[in-house]
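Subject: Structure for your review

Dear colleague,

Please find below the structure that I am handing over to you. My notes on it follow directly after.

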Amino acid sequence: SETKLPDVGTLTILIGKEGKVFMDMAGSHTRENLIRTMNTTYAMGLSEEQVKRFSNVGSFGVPYNRMKQWLALDATERAKFPSPGIPIDTADVNKSELATWIHQARLAQFQLKREGKVENEYVIVLKADQDTPYPAVQKVINTLTDINVNKFNLITDMEADPAKKAGPKKEAGG
């Protein structure tokens, strides 16, 4: 179906063709609250500059233990950094870094909503395409359901509606 997603308030989980998982989220305030919590909880050792950088950077796909190294790079170097994706542990959701990132991001957004700084909770969006291996998508869906996220949008490569895309039809023949 064609559903219009909001321009703000989305938490996007990107699944690449190699099965690597990345996250992106709207809102620099939410991102800053998230990384401060993660930095404290997982002793990442991030500097104040790195916290600020995370709050303004786009998608990310590195494990906790490589976040400091990744954020220390400038934008050009980060683009070349071999990103392994956010680890998913399907055997134990309590050890899944992806589950933790999603849970903490939702909590950060909820806290800002409660404080009146944002209007809505996150809309969860899974983004994959036809080249994404199905088992990788299933792992992400399983992670979401394991942390009681049962409402999300699955976005694939959009094909244009042929009726809208095609111009006037030409008749064959003479």
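The model is predicted: local features need pLDDT of at least 70, side-chain atom pairs count only at pLDDT 80 or more, and totals for chains, interfaces and linings use all residues. Residues are numbered from 1 along each chain as its sequence is written, and side-chain values use heavy atoms, with hydrogens and water left out. Helices (H or I, at least four residues) and strands (E, at least two) are DSSP runs, numbered from the N terminus.

Helix 1 (residues 28-41) packs against helix 2 (residues 48-56) at an angle of about 135 degrees, and their axes are 8 Å apart. Helix 1 is therefore oblique to helix 2. Axes here are lines fitted to C-alpha atoms, for helices over the stretch in contact, and angles run from 0 to 180 degrees between N-to-C directions. Angles under 35 degrees count as roughly parallel, over 145 as roughly antiparallel, 65 to 115 as roughly perpendicular and the rest as oblique.

From helix 1, S28, R31, E32, L34, I35, R36 and N39 meet E48, V51, K52, F54, S55 and N56 of helix 2, where contact means heavy atoms within 4.5 Å. By class, this contact has four nonpolar, four polar and five charged residues. Ala, Val, Leu, Ile, Met, Phe, Trp, Tyr, Cys and Pro count as nonpolar, Asp, Glu, Lys and Arg as charged, and the others, Gly among them, as polar.

Helix 2 also packs with helix 3, at an angle of about 95 degrees and with axes 10 Å apart, which makes helix 2 roughly perpendicular to helix 3. Here Q50, R53 and F54 in helix 2 meet M67, K68 and L71 in helix 3.

Within helix 3 (residues 64-71), Y64, M67, W70 and L71 are buried. These residues lie on the same side of helix 3, because they cover an arc of only 90 degrees around the axis, taken from the directions from the helix axis to the C-beta atoms. Their cover includes helix 1, helix 2, helix 4 (75-80) and helix 5 (97-114). Buried means under 20% relative accessible area, exposed over 50%, and partly exposed in between (1.4 Å probe, protein chains only).

Most residues other than glycine have a negative phi. A43, although not a glycine, has a positive phi of about 45 degrees; A43 lies in the loop between helix 1 and helix 2 and is exposed, with a relative accessible area of 66%.

Yours sincerely
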